[in-house]
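Please look at the sequence and the structure before reading on.

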Amino acid sequence: MRTQTLTLLSVTAAFVSCAALAQGALPPEQRIGDIAFVTGGVGDEQATVFKQAMPSYPLAIEVLRTSSGRGEYTSGAQVVVTTRSGNPVLSARAEGPFMLVRVPPGDYQVQATLSGRVLTRDVSVGAGGSARAVLAFAGD
């Protein structure tokens, strides 16, 4: 009886954990060198989770495509973050319209490449603050 109860509790805990991930958890952080980041946000629910998490990250990057005056979420953009002096900080593929990055305070250039087109934005990340770079590609 005790084994069945423990098994039932384990199954219930696993189910609750999976449900929590599906309903509002960011994907696990990835790391390239000293820089941690998370990317995704495809779909309204995930986009809401990323927007809510933005203040917890020093740099929030949003890549979208505009069409008929409306923003459409994208995925697959190549995102490169460099210092203003050109030193590389991060180069990664965005798995959705959002990339939240843990960078130290400083001045950065964010570049996104999508369908062969390139956009660049300059951002300043303050101590304890959060900067946002929105890269909006005009639709075809």
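T82 belongs to strand β5; helices (H or I, at least four residues) and strands (E, at least two) are DSSP runs, numbered from the N terminus. This is a predicted model, in which local features need pLDDT of at least 70 and side-chain atom pairs count only at pLDDT 80 or more, while totals for chains, interfaces and linings use all residues. Residues are numbered from 1 along each chain as its sequence is written, and side-chain values use heavy atoms, with hydrogens and water left out.

T82 has a relative accessibility of 14% and therefore counts as buried. Buried means under 20% relative accessible area, exposed means over 50%, and partly exposed lies in between (1.4 Å probe, protein chains only). Apart from neighbours within four places in sequence, T82 is in contact with N87, P88, V89, D107, Y108 and Q109, where contact means heavy atoms within 4.5 Å.

Strand β5 is part of an open sheet of four strands, ordered β6-β5-β8-β9, with antiparallel pairing. Strands β6 (88-93) and β9 stand at the edges with a single partner strand each, so one side of each has no neighbour in the sheet. From one strand to the next, the twist averages 15 degrees; axes are lines fitted to C-alpha atoms, for helices over the stretch in contact, and angles run from 0 to 180 degrees between N-to-C directions. Two strands are said to pair if DSSP finds at least two bridges between them. In general, strands of a sheet pair through backbone hydrogen bonds, either parallel or antiparallel.

The antiparallel strands β5 (residues 78-83) and β8 (residues 106-114) are joined by six bridges. Strand β8 is also joined to strand β9 (residues 117-125), again antiparallel, by nine bridges. The table gives some of the residues that face each other in these pairings.

| Residue | Residue opposite |
|---|---|
| V79 | A112 in β8 |
| G106 | V125 in β9 |

**D122 in strand β9**

D122 is found in β9. Is D122 buried, exposed or partly exposed? Its relative accessibility is 48%, so D122 counts as partly exposed. Leaving aside neighbours within four places in sequence, the contacts of D122 are R84, Y108 and Q109. With Q109, the side chain of D122 makes a polar contact of 3.4 Å. A polar contact is a pair of N or O atoms within 3.5 Å; within protein, one must be able to donate a hydrogen and the other to accept it, and residues adjacent in sequence count only if both atoms are side-chain atoms. D122 and T82 are 40 residues apart along the chain, and their C-alpha atoms are separated by 9.7 Å.

**Two loop residues**

S115 lies in the loop between β8 and β9. The hairpin of these strands has two residues between them, and S115 takes a positive phi near 55 degrees there. S115 is not a glycine. In general, most residues other than glycine have a negative phi, and most peptide bonds are trans. S115 has a relative accessible area of 64% and is therefore exposed.

A127 is placed in the loop between β9 and β10 (131-138). Its relative accessibility is 73%, so A127 counts as exposed. Between the C-alpha atoms of A127 and P104, 23 residues apart along the chain, the separation is 7.8 Å.

**Helix α2**

In helix α2 (residues 44-53), the buried residues are A47, V49, F50 and A53. Viewed down the axis of α2, these buried residues fall within an arc of 160 degrees, so they line one face of the helix. The arc is that of the directions from the helix axis to the C-beta atoms. The exposed residues D44, E45 and Q52 are on the face of α2 turned away from its buried side.

**The whole protein**

The protein contains two helices and ten strands. Along the sequence they follow the pattern α-β-β-α-β-β-β-β-β-β-β-β. Of the 140 residues in the protein, 34% are buried. Among contacts between residues at least 6 apart in sequence, 54% join residues at least 24 apart.

The average pLDDT of the protein is 84, and 81% of the residues score at least 70; pLDDT is the predictor's confidence in each residue, from 0 to 100. Residues 1-21 have a pLDDT below 50, and this stretch has one contact in the model beyond near neighbours in sequence. Where pLDDT is low, the predicted coordinates should not be read in detail.
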